Amino acid sequence: MCVAPLVKFYPLYGEIFNDRVTDASRETIEAILKGTHPAAKRLAAATDGQPLTPAIIPGGFSEATYTGADPNVEYAYCADRMGFIKLAIEAQVDILVAYSYGLNDMYKTLAWQRHWRAVKAQAWGLPTVLWTGPYLLGNTPFTEQITVVTFDPFPASRYTVDQLPQAHADYMAYLKQCFDSKKAECGHAHKRLEFIGKSKPPEAMAAAARAPRSKL
């Protein structure tokens, strides 16, 4: 699992993941794909020599800031994140897509300066999310009904690096298609998936900013 570097030092998380969690830098992901990462060598015996695969959460802390932001919308913070797709193209590997239905409903998060905090979370590599559960209990979720669905791989290996913008657009279209194909079956038929990013705030926020202000 490739995440923000500090995650492996968090209490509990470090113990759970042990040497199966590392940073999400380009160098680390390339080393995992090539089988030269130290963890790949240590775990070779436990996996019968099967190569490790980097698991990446493109939205990261920024996306977590939008947890529970809208009961009808799930936000994917990858509108301007192309690095993971570029790495897949360069390594000529496809991207195995997985989505966790219900995760967005586990907690409510602070709305104040949400997008600003999401952008800062990306810049700092630190969580900027403040959450609550039922009765304002932080670590008690509203629901634990989570369904993880793994879809067919996105064919990143069919693209070249100079086709990166098109590959990114096709990936987002494919992710939305995957989300829509299973949302009813997983109990989330009323929801839609919206892509946001550093330079692309939610549509509702952007519409509010464009709306003319009264002079009264």
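**Stop 1: the aromatic pairs**

Start with the aromatic rings: this predicted model has 9 aromatic pairs. Select Y99 and Y101 to see one of them. The ring centres of Y99 and Y101 are 5.0 Å apart, and the planes meet at 55 degrees, so this pair is called tilted. To be edge-to-face, the angle would have to be over 60 degrees.

Now pick F154 and Y171. How are these two rings arranged, edge-to-face or stacked? They are edge-to-face, with 85 degrees between the planes and 5.5 Å from centre to centre. Colour by secondary structure and you'll see that this pair links distant parts of the chain. F154 lies in the loop between β7 (147-150) and α7, while Y171 belongs to helix α7, 17 residues apart.

Are F154 and Y171 buried or exposed? F154 has a relative accessibility of 3%, so it counts as buried. Y171 comes out at 8%, so it counts as buried as well. The cut-off for buried is under 20%.

Together with F154 and Y171, they form one aromatic cluster.

**Stop 2: charges over rings**

Next, show K108 with F142. The charged end of K108 sits over the F142 ring, 5.9 Å from the ring's centre. Then jump to R114 and Y66. Here the charged end of R114 sits over the ring of Y66, and the distance to the ring centre is 5.8 Å.

**Stop 3: H168 in helix α7**

Head back to helix α7, which covers residues 164-183, and click on H168. With a relative accessible area of 4%, H168 is buried. Which residues does H168 touch, leaving out those up to four places away in sequence? They are C78, A79, D80, R81, M82 and I85. Try the distance tool on A79: its C-alpha atom is 8.5 Å from that of H168, although the two residues are 89 residues apart along the chain.

**Stop 4: E74 in strand β3**

Last, find strand β3 (residues 73-77) and select E74 in it. E74 is buried, and its relative accessible area is 3%. Show its contacts, again skipping residues up to four places away in sequence: E74 touches Y99, N104, F179, K191, R192, L193 and E194.

Terms used
Residues are numbered from 1 along each chain as its sequence is written. This is a predicted model: local features need pLDDT of at least 70, side-chain atom pairs count only at pLDDT 80 or more; totals for chains, interfaces and linings use all residues. Side-chain values use heavy atoms; hydrogens and water are left out. Helices (H or I, at least four residues) and strands (E, at least two) are DSSP runs, numbered from the N terminus. Buried means under 20% relative accessible area, exposed over 50%, partly exposed in between (1.4 Å probe, protein chains only). Contact means heavy atoms within 4.5 Å. Rings of Phe, Tyr and Trp (its six-membered ring) pair if their centres lie within 6.5 Å; planes under 30 degrees apart count as stacked, over 60 as edge-to-face and the rest as tilted. A charge sits over a ring if NZ of Lys or CZ of Arg is within 6 Å of the ring centre and within 35 degrees of the ring normal.
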